[in-house]
Amino acid sequence: MSQQEQPEPIKYGDILPVSGELASKPVAMKDAAALQSAESRVVGETTQEVGAAAIIPLLHSAAALNESRGAVERDQMTDVVRERGVEVREEVGAGGAAIVTQKVGGEVVAQYAHPGKGKSNTAPDLSSPC
């Protein structure tokens, strides 16, 4: 009886338009949690919308599947996130709309208009050592 192969983990490049080192990394729950925390500090909430604003639920789902497959551990953080962190920035765009940009490991993973107050604010991930 042959041993079944373990399915490949879901990597950032499988679900997001990223390249380089980040694209080959499996999505981990602590990565999603770090981005969610940064977004909450900047925007005041975590978006649950569709499109680019749904990046955090997408990362949570991918990380949960990776955990269930045994590809990552619950307390694991991708080395790119641990070393380069995550960042969420909210800036005033055209017409006063708030534009939220989310970065993981220095790469932009999402950018969307947020019906916020149109303030300029940034929150780097504070859980990463510098």
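What follows is a set of questions and answers about a predicted model.

Visitor: How are residues numbered, and what pLDDT do local features need?
Guide: Residues are numbered from 1 along each chain as its sequence is written, and side-chain values use heavy atoms, with hydrogens and water left out. In this predicted model side-chain atom pairs count only at pLDDT 80 or more, totals for chains, interfaces and linings use all residues, and local features need pLDDT of at least 70.

Visitor: Where is the place of Thr-78?
Guide: Helices here are DSSP runs of H or I with at least four residues, strands are runs of E with at least two, and both are numbered from the N terminus. On that basis Thr-78 is in the loop between α4 (55–68) and α5 (79–84).

Visitor: Is Thr-78 buried or exposed?
Guide: Buried means under 20% relative accessible area, exposed means over 50%, and partly exposed lies in between (1.4 Å probe, protein chains only). Thr-78 has 5% relative accessibility, so Thr-78 counts as buried.

Visitor: Which side chain does a polar contact join to that of Thr-78?
Guide: A polar contact is a pair of N or O atoms within 3.5 Å; within protein, one must be able to donate a hydrogen and the other to accept it, and residues adjacent in sequence count only if both atoms are side-chain atoms. Contact in the wider sense means heavy atoms within 4.5 Å, and, not counting residues up to four places away in sequence, Thr-78 touches Tyr-12, Lys-25, Pro-26, Ala-28 and Asp-31. The polar contact, at 2.3 Å, is with the side chain of Asp-31.

Visitor: How far does α4 reach from its first C-alpha to its last?
Guide: The expected span of a helix is 1.5 Å times one less than its number of residues. α4 has 14 residues, for which 20 Å is expected, and its reach is close to that, at 20 Å.

Visitor: What arc do the buried residues of α4 cover around the axis?
Guide: Ile-55, Ile-56, Leu-59, Ala-62, Ala-63 and Asn-66 are buried in α4. They lie on the same side of α4 because their arc is only 130 degrees, taken from the directions from the helix axis to the C-beta atoms.

Visitor: Which elements do the buried residues of α4 pack against?
Guide: The partners include both helices and strands. They are α1 (12–15), α3 (29–43), β2 (98–104) and β3 (107–114).

Visitor: Which residue in the turn between β1 and β2 has a positive phi?
Guide: Two strands pair if DSSP finds at least two bridges between them; β1 (residues 86–92) and β2 have 7, in the antiparallel sense. Across this pairing Glu-87 stands opposite Lys-103 in β2. The two strands form a hairpin with 5 residues between them, and the turn residue with a positive phi, of about 75 degrees, is Gly-95.

Visitor: Which residue meets Arg-84 in a salt bridge at 2.8 Å?
Guide: A salt bridge is a side-chain nitrogen of Lys or Arg within 4 Å of a carboxyl oxygen of Asp or Glu. The partner of Arg-84 at 2.8 Å, N to O, is Glu-21. This pair links distant parts of the chain, 63 residues apart: Arg-84 is in helix α5, and in helix α2 (residues 20–23) is Glu-21.

Visitor: How far apart are the closest N and O atoms of Lys-11 and Glu-8?
Guide: Glu-8 is exposed, with a relative accessible area of 54%, whereas Lys-11 is partly exposed at 23%. The two form a salt bridge, and their closest N and O atoms are apart by 3.0 Å.
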